Amino acid sequence: MTEIDVSDIQGFALKGYNFPYARYLLLELAEPAAARKFLYQLLKVVTTGERWDINSKPMSVVNIAFTFRGLAQLEIPLASQLSFPLEFQQGMKARADILGDSGKNSPEKWDLVWREDRVHAWLAVNARTADELEKCCGDMLALMDETQGARVVQAQEACALTINGKFSPKEHFGYTDGFGNPDFKGAERDCVPGQGKLNQDGGWEALATGEFLLGYADEAGELPVAPIPHLLGRNGTFMVYRKLHQNVGIFRSYLEEKGKQYAGGKEKLAAKFVGRWRDGTPLELSPDQPQPAIVADNDRNTNFKYSDDLAGTRCPLGAHMRRVHPRDAFGFNGGLVNRRRIMRRGLTYGEYVPEGQPVNDSDERGIIFMALNASIFRQFEFVQQQWIEYGNDAHQGNDKDFLLGNHEGKGRFVIQGTPDPQNPPFICGGLPNFVELRGGDYFFLPSLTALAMIATNTVDPR
Amino acid sequence: MGNVNGTTYGLTILSPILEDNRLDICHSMELRWYLSQLPRDHRSPFAQLSSTYLARLVVMDDVVFVGHPACQEHLKSRYLVFETNFDGDLDTYLRRMATETKEFVDDVWRHCVGFPGTGDARAFIAYMKKCQLSTTFFFADVNDQTVDSTLEALKAQAALAHFMEKNQGKSAAELQRAFGEFLERLRTAPPLPRGGDESRAIPQEKRRHD
């Protein structure tokens, strides 16, 4: 039994808060002494992974992470700086070639704040209400003012979509989002079927802690690569931040056009793209229609495998969900995917446009995608390069992920079918970019101990 | 046993590199520089040799001491390591090297001890065989196909996918007619271009993970 010290781990690393409001303050840090003073004050308010008493759930939460430039600005010892993994030292922009971030997704097309390399830290405020968000962000700004330790380069708003007057778990394309996240040992909740790794009995169990937190054994029984001293890395993790613009108009008109040609109809086609019906029902469990009862049942909505559907006639081999979490699709009882898992956090930004209303794709609208993992290189970068921007593992040749692929108008998505007239094979060609990258970077999300060491200038690599 | 897997041949050559203390730049360094400048795309000399799956050239100065309890060992010479996988038999491939990539082979192996040049193909083949080590384990992805037949199959597959996309939803009669035309186009398509031609390859995404 792995025990983890939840009071030393930032809450963001352990749970999705499910608060509807968020603001990501992208900070430029001041000279080291002032910046450390700011972090010292911040220590008192950073939210940890401790369980919340049912009667005292906070109204807002605060978390912080640093880019490599941020740690250099804080002047942590050079020996510690250089002990961070190479990809983190380089930052996401320098990894564009590896990630397939070219053309419309290339760094020169990103938002100014990401082009200019000025982001040192990500200070995230999540809140239950708009008022609480303002209040907490106000407190953060006051702290920056008081210490003169940092200033906001940009404030990125994010908010759950309001559909029919209520907050919705859907994203802009209309899919219910946020079902699966890998369970790992030591985390608070019990393992949910379908969310950890497959065991020899065909059941599911939690992944090794070291796949998501530094300082613990990973799936290979090794400690993940982490900075020195050990205390600087332990209970911390790495975060990938990507601002993904969604071209809702392009998506809807593409779906409309192809939906008329596809014998299964528009909604089934939308389900084939992703592997879930837009209400969230997995195609593997219900290939012919959405079933709200499955969506509502946490023991069922992620509890499925692909080994009975190796031809992809229920869920296409290249469907988004199947690509990024292939479960047992590659054989070996899922053994090939256990070291390629990422913890997803994210929230939509921009206004939801109801179906049937005109959409302007140049409006700000999309998802702030954040992924947590112990090794950006082994986990996120592999998923992005091999499973999103390439199709060989999924037996899809050069085809890219339907939703996230950098298609440049030339993409293709194959839907495997059966003789059933409602489930024919179908090929979608000429795929445009439904999603465009607008910037982001790689961050280190330290433990409370590490944050205190940085704030008090006591990081000692000896 | 070794060297052959299905119709694929795995060749390993170790050619000792010349030592000459009178030179400003030693042979191994000059060779490293030359190899680093070689194109790796369709302009690569190995793209000319159209039966090549993959090829690798490395300058090996010495074996590396990995620490106790290993003992320190040294090679008698610096070596040029040449590894290649190709279709067919060794003599044909070496003869093609000596004739179709003559200039490249001379530029590389002139830094090696005992290289007779490519002017006499038989002497070159004998020299390479003298430097050959048995290859017991190598990458042979498609054992019973040649590079050419694999490329032909990939082109046919890409054409078929395009055909399916363009013709889905048509009536059975229309589809049959279109498929007949498609098969005819495939049957009368020109043969694969020669090695080294840019259009020979199936467009592949750039893959790098370093």
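Trainee: What share of the 210 residues in chain B is buried?
Mentor: Buried residues account for 20% of the 210 residues in chain B. A residue is buried if 20 or more other C-beta atoms lie within 10 Å of its own, exposed if 12 or fewer, and partly exposed in between, with C-beta atoms placed from the backbone. This is a predicted model, where local features need pLDDT of at least 70 and side-chain atom pairs count only at pLDDT 80 or more, while totals for chains, interfaces and linings use all residues. Residues are numbered from 1 along each chain as its sequence is written, and chains are lettered from A and ligands numbered from 1 in the order in which they are written.

Trainee: How many helices and strands does chain B have?
Mentor: Chain B has seven helices and five strands. Both are DSSP runs numbered from the N terminus: helices are H or I with at least four residues, strands E with at least two. In sequence order the pattern is β-β-α-α-β-β-α-α-α-β-α-α. Chain B is more spread out than a compact globule, because its radius of gyration is 22 Å, well over the 17 Å that the globule rule gives for 210 residues. That radius is taken over C-alpha atoms, and the rule is 2.2 Å times the number of residues to the power 0.38.

Trainee: And the spans along the principal axes of chain B, what are they?
Mentor: The C-alpha trace of chain B spans about 75 × 45 × 35 Å.

Trainee: How many residues of α7(B) are buried?
Mentor: Zero of its 16 residues, so to speak hardly covered. Helix α7 of chain B, residues 172–187, should span 22 Å at 1.5 Å a residue, and its end C-alpha atoms are 22 Å apart, which agrees. The expected span is 1.5 Å times one less than the number of residues.

Trainee: What is the average pLDDT of chain B?
Mentor: The average is 90, and 94% of the residues score at least 70. pLDDT is the predictor's confidence in each residue, from 0 to 100. Over residues 204–210 of chain B, pLDDT stays under 50. Where pLDDT is low, the predicted coordinates should not be read in detail.

Trainee: Switching to chain A. Where is A:Thr147?
Mentor: A:Thr147 is in helix α8 of chain A, residues 130–147. With 19 C-beta neighbours inside 10 Å, A:Thr147 counts as partly exposed.

Trainee: Which residues is A:Thr147 in contact with?
Mentor: Leaving aside neighbours within four places in sequence, A:Thr147 is in contact with A:Ala34, A:Lys37, A:Phe38 and A:Gln41. Contact means C-beta atoms, placed from the backbone, within 7 Å.

Technical notes:
Two residues are in contact if their C-beta atoms, placed from the backbone, lie within 7 Å.
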